[in-house]
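Please open the model in your viewer and keep the selection panel at hand. The stops below are given in the order in which they may be selected.

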Amino acid sequence: MSRSGSFEVARAISFLQQVDNPWESSIESALKWRLLIPSIAHFSGIRGWAALSISWLGVVVLLAQTTWTILSSTRDRWLAFTGCVLVASSSAVVVSTGWLGINDAWYLSGLLTVAFAKNPLWLLGACLISPWFDEKFLIALPIAILTRWHQDIQSNTKDAIFKLISLITFGIIPYVATRLYVTFFYSDPSSASFFKSVLTGFTTWLPWAHLGWWMAFRLGWIFIGVSFWLILRVGGLRYLFITLFLFLSSFLAITILAADMSRSAAMVLPLLVWGWSNAPSNTVFGNPNMRNIIVLSNLLIPSMHVTYTKASLISPLPLEIFRVLKCVGSACFL
């Protein structure tokens with residue numbers, strides 16, 4: 001059980017304060033512009049544990065979307081299920097289920113929508129609302145766009161590219177314009193304070209970055225690697241270099257801006273889902289048995305949250321199953 005004051009609990013206090021008053025000036029600066037969920041909860045009268053459970057609802061949506069995306073691409077139910085389990089063992093899910101008041105699953109769902117949704121209205125809707133879940137959506141947006149682009153690179157005509165860029169630009173304008181307007185005309189001291197603190201302090205947590213990023217996906221990084229191989233095969237070296245540049249730029253930006261590195265690394269989730277869905281069956285990582293081994297191993301190998309210079313161990317699955325069985329056994333003898 002996490003202690004009061006730990007990073008697994010501390011965000012919940014700020015989030016519930018924001019639910020009570022979304023525009024409270026004393027709210028933690030990192031939450032200042034993540035207004036959508038607190039505002040919905042505020043005006044709907046949702047408070048306390050009900051408000052905190054919104055993050056779990058986001059996890060359900062994200063996992064359902066992941067399963068549907070893989071199933072639509074592969075027509076393989078087992079592959080969709082195991083892919084869902086792989087995502088569930090990543091920080092995209094374990095943070096939202098292990099930390100109170102963390103709603104990351106909602107912006108990650110927006111990134112998957114940008115990367116895989118066929119209907120342009122879904123794409124537009126994701127771009128309109130997702131930045132209000134978390135501004136990390138904008139940092140990871142180029143990666144999601146490239147994931148979408150590389151899936152069908154041959155049919156991307158100039159008109160299609162123009163339509164895609166127009167929809168995305170139109171979608172993010174309200175958020176970007178609002179932040180710029182507030183910054184230049186009304187000042188935004190909370191954002192200024194946040195940027196000042198991270199730019200002077202990021203060297204403290206930078207040595208932990210490699211561990212934080214590894215812990216985000218662990219063996220799931222294999223399929224992010226597969227996605228880069230797919231980009232090379234489909235688009236050639238030029239597109240691979242562009243993707244690597246955007247990936248490393250996003251990596252550097254989020255590592256500087258966010259001390260919770262294992263959590264923030266989840267923003268490259270679209271690459272994992274694409275790599276899992278499209279790994280050729282005649283390669284080692286496309287082999288069904290190898291996939292099963294990777295997913296099972298990801299559930300068993302050590303995992304931890306890495307934030308700032310602290311690491312919090314996540315109990316391995318067998319230990320958690322043992323605890324559940326122990327509780328069930330104890331209840332049966334009462």
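Select R34 first: with a relative accessible area of 12%, R34 is buried (under 20% is buried, over 50% exposed and anything in between partly exposed, using a 1.4 Å probe and protein chains only). This is a predicted model, in which local features need pLDDT of at least 70 and side-chain atom pairs count only at pLDDT 80 or more, while totals for chains, interfaces and linings use all residues. Residues are numbered from 1 along each chain as its sequence is written, and side-chain values use heavy atoms, with hydrogens and water left out.

R34 forms a salt bridge with D134, their closest N and O atoms being 3.5 Å apart; the term denotes a side-chain nitrogen of Lys or Arg within 4 Å of a carboxyl oxygen of Asp or Glu. The pair links distant parts of the chain, 100 residues apart: R34 is in the loop between α1 and α2, and D134 is in the loop between α8 (120-129) and α9 (136-151). Helices here are DSSP runs of H or I with at least four residues, numbered from the N terminus. D134 has 1% relative accessibility and therefore counts as buried.

Next, select K136. Its side chain meets that of D134 in a salt bridge (3.0 Å, N to O), and both residues are buried. To display the whole network, select R34, D104, D134, E135, K136, D260 and R263, which are joined by salt bridges that share partners.

Move to R47 and D20, whose side chains also meet in a salt bridge (3.3 Å, N to O). Because R47 lies in the loop between α2 (36-44) and α3 (48-52) and D20 in helix α1 (residues 7-20), the pair ties together parts that are 27 residues apart in sequence. R47 is partly exposed at 34% relative accessible area, and D20 is partly exposed at 46%.

Now display helix α7 (residues 104-116) with helix α15 (residues 269-278). They pack at an angle of about 50 degrees, with their axes 9 Å apart; axes are lines fitted to C-alpha atoms over the stretch in contact, and angles run from 0 to 180 degrees between N-to-C directions.

Finish at F184, in helix α10 (residues 158-186). At 65% relative accessibility, F184 counts as exposed.

Terms used: Helix = DSSP H or I, 4+ residues; strand = E, 2+ residues; numbered from the N terminus.
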